[in-house]
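Reader: Please take me through this model, setting each label against the definition behind it.

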Amino acid sequence: VMMHQPRIVVIGAGMAGLGAATKLKELGFTELTVVEASGQAGGRIAKTNIGNAWVDSGAQYIHGASAENPVYCLFKKYSLLNQVPEEGKSTFHRNNEHKVNEDFAERVYAAGERIIRHRGSSTEKSIGEHFAEEAHAVAESWQDDEKDVQSILALVGKDLLVDTGASDLHKISLASWQYYINMGDDLNVEGYVVQQQPDLPKERLLLNKAVGKIEWDGSFSDMEGRGYPVRVVCEDGEEILADHAILTISLGCLKARAATFFSPSLSSEKMEVIEKLCFGNIAKIFLEYEQAFWASDVRSISLIWDNDNVASISTSRAEWLRYLQLFTVMRPKEKFGNILIAWCPGDVADLVETMREEELSSAITEHLRLFTRNPTIPPPRTVLCTQWCSNSFIRGSYTFIPVGIDGKVMDILAQPLVGTKNPSKALQVLFAGEATMKTLYSTVQGALMSGHREAERLARQYDRTAPPAGHCDTVKKDLGVCHVPQ
Ligand SMILES: Cc1cc2nc3c(=O)[nH]c(=O)nc-3n(C[C@H](O)[C@H](O)[C@H](O)COP(=O)(O)OP(=O)(O)OC[C@H]3O[C@@H](n4cnc5c(N)ncnc54)[C@H](O)[C@@H]3O)c2cc1C
């Protein structure tokens, strides 16, 4: 009897899919196909051209600069760790006649961060509720103008909306990070512009090929009469037969299509998790200027709104500019030129994605002139807004955990679909992706490690053991990451 290599189809070539494929190859699996709906690999790691520079439209920071973090290790291995100098200044402006005392603002901001970074374990309470209580107490205790303190603290809350992609702090569970692994400080690198090229000789990476359906627990035969339990049906009509499929599409995509994507259907337990977990959105508006109107040592510009209220940090489309409070400077200048990023959360992100560039340009210019009291700020030469929500193969930014839900449900999402007919091919559809990692969701390393996890799960079924991984020194083979020439 000829022993066949199992055929494995990986769906999605984001970090999770590429991580799974690379690990499978390391484990000796050779019959691999990666199917990707869009025209390139990378998923939510993507670059776009603005001015003379490449910028990250997706992931930008390394969340955790330590050997524990496989993404940090990849950067290190390929000598891409050109860290951005941290000594840059945060600056603050406000929309009334008073100037901001920057030291004071920094101190209040830091106090706000201490409150909001609190990691509760009560799934019944929201970050918004917790923040409102504690921030009020802090504001009252401050000797200076309580109202000023409130509006600076509100900045902290608004910035957390950007971090989570949510529209309302009252929607996010206070226990969001109860299982989280802290891998260390964030690292702002000169660009996440690495390009994933799965270097898998015998395998194929099929681009521009969207999967429309997965049929499993079946019995499908190819031309040679070999039988497979899984049939992956692409939207162009092509059918790919496989022993196993690893699905890595985003939670947003699962929400949109899980009801019709699987045959047999998903369990109601799994469907409920897909429904209940939230998929947020953020937008980055890149603003490229002829000349910088900020000082060369500035790394961020924050806008403080009078009358912002710590008790209700919740976006409103009608007042979308109120949620454009944070601008970061792309550094170093020699590499990027004069580019600011305006960050928008939740449904404000959904909104700005649909606005015309001229509309954004004039509204933001007026906004900046008002706050900086500098009527000579020119409009940006180029405006470019990311479109993660409108991208039908992504549909948002990343996962967050709503009030009332325990992060453990991500384990349910990660459970494979097990076939009933053939014990040796029992693991049929496996789930990876950022949303399946309660310890690291919403990050690049979470996606990567989820791919590794599923590859290893399959390997165990075939009694293959995985080489040790994770630490910078022990990473032997990994993604074929190569630097994009600038
Ligand atoms: C704006 C933004 C900023 C971010 N910043 C950071 C950061 O600074 N640091 C950080 O660690 N993380 C950041 N993240 C999060 C990080 O990018 C993601 O967690 C991670 O890249 C997700 O990888 P993934 O493989 O799980 O999913 P994805 O990257 O979404 O990959 C899934 C792939 O599946 C494909 N696909 C979808 N549907 C189909 C289909 N039907 N058939 C075939 N293929 C399909 C998609 O095209 C995609 O390529 C950011 C994300 C965004 C959007």
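Author: Axes are lines fitted to C-alpha atoms, for helices over the stretch in contact, and angles run from 0 to 180 degrees between N-to-C directions. The model is a predicted one, in which local features need pLDDT of at least 70 and side-chain atom pairs count only at pLDDT 80 or more, while totals for chains, interfaces and linings use all residues. Residues are numbered from 1 along each chain as its sequence is written.

Reader: What makes helix 12 lie across strand 15 and strand 25, and at which angle does it run to strand 25?

Author: Helices (H or I, at least four residues) and strands (E, at least two) are DSSP runs numbered from the N terminus, and two residues are in contact if their C-beta atoms, placed from the backbone, lie within 7 Å. Helix 12 lies across strand 15 (244-247) and strand 25 (427-431), and its angle to strand 25 is about 160°.

Reader: How do you know that strand 1 and strand 2 pair?

Author: Strands pair if DSSP finds at least two bridges between them. Strand 1 (8-11) and strand 2 (32-35) have four bridges and run parallel, so they count as paired. Within this pair, Val10 has Val34 as its bridge partner. Both strands belong to an open sheet of six strands with mixed pairing, in the order 9-2-1-15-25-24. Its edge strands, each pairing on one side only, are strand 9 and strand 24 (417-418).

Reader: In which sense do strand 3 and strand 4 pair?

Author: Strand 3 (47-50) and strand 4 (53-56) are antiparallel, with four bridges, and Lys47 is bridged to Asp56. Their hairpin has two residues between the strands, and Gly51 there takes a positive phi near 55°.

Reader: What makes a set of residues a nonpolar core, and how many residues has the largest one?

Author: A nonpolar core is a set of buried Ala, Val, Leu, Ile, Met, Phe, Trp, Tyr and Cys residues joined through C-beta atoms within 7 Å. The largest one here has 130 residues, and those with the most contacts inside it include Ile11, Val232 and Ala245. Its largest share, nine residues, comes from helix 5 (146-164). Leaving aside residues up to four places away in sequence, Val232 touches Val9, Ile11, Val35 and Ala245, among others.

Reader: Which residues come nearest to the ligand?

Author: A residue is near a molecule if its C-beta atom, placed from the backbone, lies within 6 Å of it. Of the 40 residues around the ligand, Gly12, Gly14, Ala16, Gly43 and Ala447 come nearest. Helix 1 (15-26) and helix 12 (444-461) are among the elements that each supply at least two residues of this shell.

Reader: Which peptide bond involving Pro264 is cis?

Author: The bond from Ser263 to Pro264 is cis, with omega near 0°, and Pro264 lies in the loop between strand 16 (262-263) and helix 7.

Technical notes:
A residue is buried if 20 or more other C-beta atoms lie within 10 Å of its own, exposed if 12 or fewer, and partly exposed in between; C-beta atoms are placed from the backbone.
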